[in-house]
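Q: I would like to go through this protein–DNA model with you. Could we begin with the terms and then turn to the contacts?

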Protein chains: 2
Amino acid sequence: MPRIRHERFDCSPGCTVEGTLRYIDGKWKGVVLYHLFEGTMRFNEIRRRIPNCTQRMLTNQLRELEADGLIARKIYPEVPPKVEYSLTPRGRSLEPVITALKVWGDANVTLAPEASQAAA
Amino acid sequence: MPRIRHERFDCSPGCTVEGTLRYIDGKWKGVVLYHLFEGTMRFNEIRRRIPNCTQRMLTNQLRELEADGLIARKIYPEVPPKVEYSLTPRGRSLEPVITALKVWGDANVTLAPEASQAAA
DNA sequence: GCACATAGTGTCGAAAAGGATACCGTCATG
DNA sequence: CATGACGGTATCCTTTTCGACACTATGTGC
């Protein structure tokens, strides 16, 4: 998964903004991170909290977050399998960012867009 | 332009995070907003600040930001054409978000990714 | 007449992201 | 023996996004 979005971030002063975006961009990364702030969780625990996300997508997002060093994946060699996800310090340092996103969203985002124009 | 990303944001408590992301997601929106915090600007002024963004892309991003009510577009009926872009109050309210993104980015984003692994 | 600047638009095509679905191995339960 | 839970993969296909490039209109300067 390329995950490029921008080749470099020194083109312009505001480019580090895009740089950060690179990490949380991905359809479910924001929510995943948000939930992980609550604490360590197992795969299906996260899954249940994000019902609209398919298993494949969740796996994808978790893998990318892991590759970016934002979350840690701990496998317990048991049966049935048990895998726990938690934030790394780097991931935890994103908390103010996610919080800012959430605060703005709570104030400005219409929860169900269709409701406002579903008068068709 | 669909710009959906998520159908609704009430599926899970963290979903407003994705809701906010919907507005600033788009390859150059973060930078565009960032630059507009400095003040009103003309089209080519913005363009010069984001050299890697093509004209068509910039137009696109500006149109989407406008449609989302984050920026205002003022056309002066002159020749040669003159169009000014500025933030709306709603757009300005995103400032803490963009700032949070920038702060984290400044601290955590490697400016030129290839430099760190271009040892090929 | 030609090129340049402004602020775009239109079309095309490639690449990436996302979704649906089916499948894997193992153990416990019924 | 069949089923379900766990934590995934593999494959296929569609949608979305991005980038390149050409083209528009008008007025000015040469």
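A: A residue is near a molecule or strand if one of its heavy atoms lies within 4 Å of it. This is a predicted model, in which local features need pLDDT of at least 70 and side-chain atom pairs count only at pLDDT 80 or more, while totals for chains, interfaces and linings use all residues. Residues are numbered from 1 along each chain as its sequence is written, chains are lettered from A and ligands numbered from 1 in the order in which they are written, and side-chain values use heavy atoms, with hydrogens and water left out.

Q: Which part of DNA strand C comes within 4 Å of the protein, sugar and phosphate or bases?
A: Of the atoms of DNA strand C within 4 Å of the protein, 70% belong to sugar or phosphate, and the rest belong to bases.

Q: How many residues surround DNA strand C, and which are the closest?
A: DNA strand C is surrounded by 24 residues, of which A:Lys27, A:Val79, B:Gln55, B:Arg73 and B:Tyr85 are the closest.

Q: What is that surface by class?
A: The surface near DNA strand C has 9 nonpolar, 6 polar and 9 charged residues. Here Ala, Val, Leu, Ile, Met, Phe, Trp, Tyr, Cys and Pro count as nonpolar, Asp, Glu, Lys and Arg as charged, and the others, Gly among them, as polar.

Q: Which elements supply at least two residues of it?
A: They are α4 (55–67) of chain A together with α3 (43–49), α4 (55–67) and β3 (82–87) of chain B. The largest share, 4 residues, comes from α4(B). Helices (H or I, at least four residues) and strands (E, at least two) are DSSP runs, numbered from the N terminus.

Q: What does the side chain of B:Arg42 reach on DNA strand C?
A: An N or O atom in the side chain of B:Arg42 is 2.9 Å from a phosphate oxygen of DNA strand C. A polar contact is a pair of N or O atoms within 3.5 Å; within protein, one must be able to donate a hydrogen and the other to accept it, and residues adjacent in sequence count only if both atoms are side-chain atoms. The side chain of B:Arg63 also has an N or O atom 3.0 Å from a phosphate oxygen of DNA strand C.

Q: Staying with B:Arg42, where is its place, and what does it touch?
A: B:Arg42 is in strand β1 (residues 41–42) of chain B. Not counting residues up to four places away in sequence, B:Arg42 touches B:Pro81, B:Lys82, B:Val83 and B:Glu84, where contact means heavy atoms within 4.5 Å.

Q: Now DNA strand D: which residues come nearest?
A: Of the 21 residues around DNA strand D, A:Gln55, A:Arg63, A:Arg73, B:Lys27 and B:Val79 come nearest. Sugar and phosphate account for 65% of the atoms of DNA strand D that come within 4 Å of the protein.

Q: Which polar atoms of chain A are involved there?
A: An N or O atom in the side chain of A:Arg42 is 2.9 Å from a phosphate oxygen of DNA strand D. A polar side-chain atom of A:Arg63 lies 2.7 Å from a phosphate oxygen of DNA strand D. A polar backbone atom of A:Pro81 is 3.0 Å from a sugar or linking oxygen of DNA strand D.

Q: What is the largest share of that surface?
A: It is 4 residues, from α4(A). By class, the surface near DNA strand D has 9 nonpolar, 4 polar and 8 charged residues.

Q: Changing topic, which residues of α6(B) are buried?
A: They are B:Val97, B:Ile98, B:Ala100, B:Leu101, B:Lys102, B:Trp104 and B:Gly105. Buried means under 20% relative accessible area, exposed over 50%, and partly exposed in between (1.4 Å probe, protein chains only).

Q: Why does B:Lys102 count as buried?
A: B:Lys102 counts as buried because its relative accessible area is 16%. Leaving aside neighbours within four places in sequence, B:Lys102 is in contact with A:Pro13, A:Thr16, A:Val17 and B:Tyr34.

Q: What do the buried residues of α6(B) pack against?
A: They pack against α1 (15–24), α5 (89–92) and α6 (95–108) of chain A, together with α1 (15–24) and α2 (29–36) of chain B.

Q: Finally, how many disulfides are there?
A: The structure holds 0 disulfides over all chains, a disulfide being a pair of cysteine sulfur atoms within 2.5 Å. A:Cys53 is buried, with a relative accessible area of 3%.
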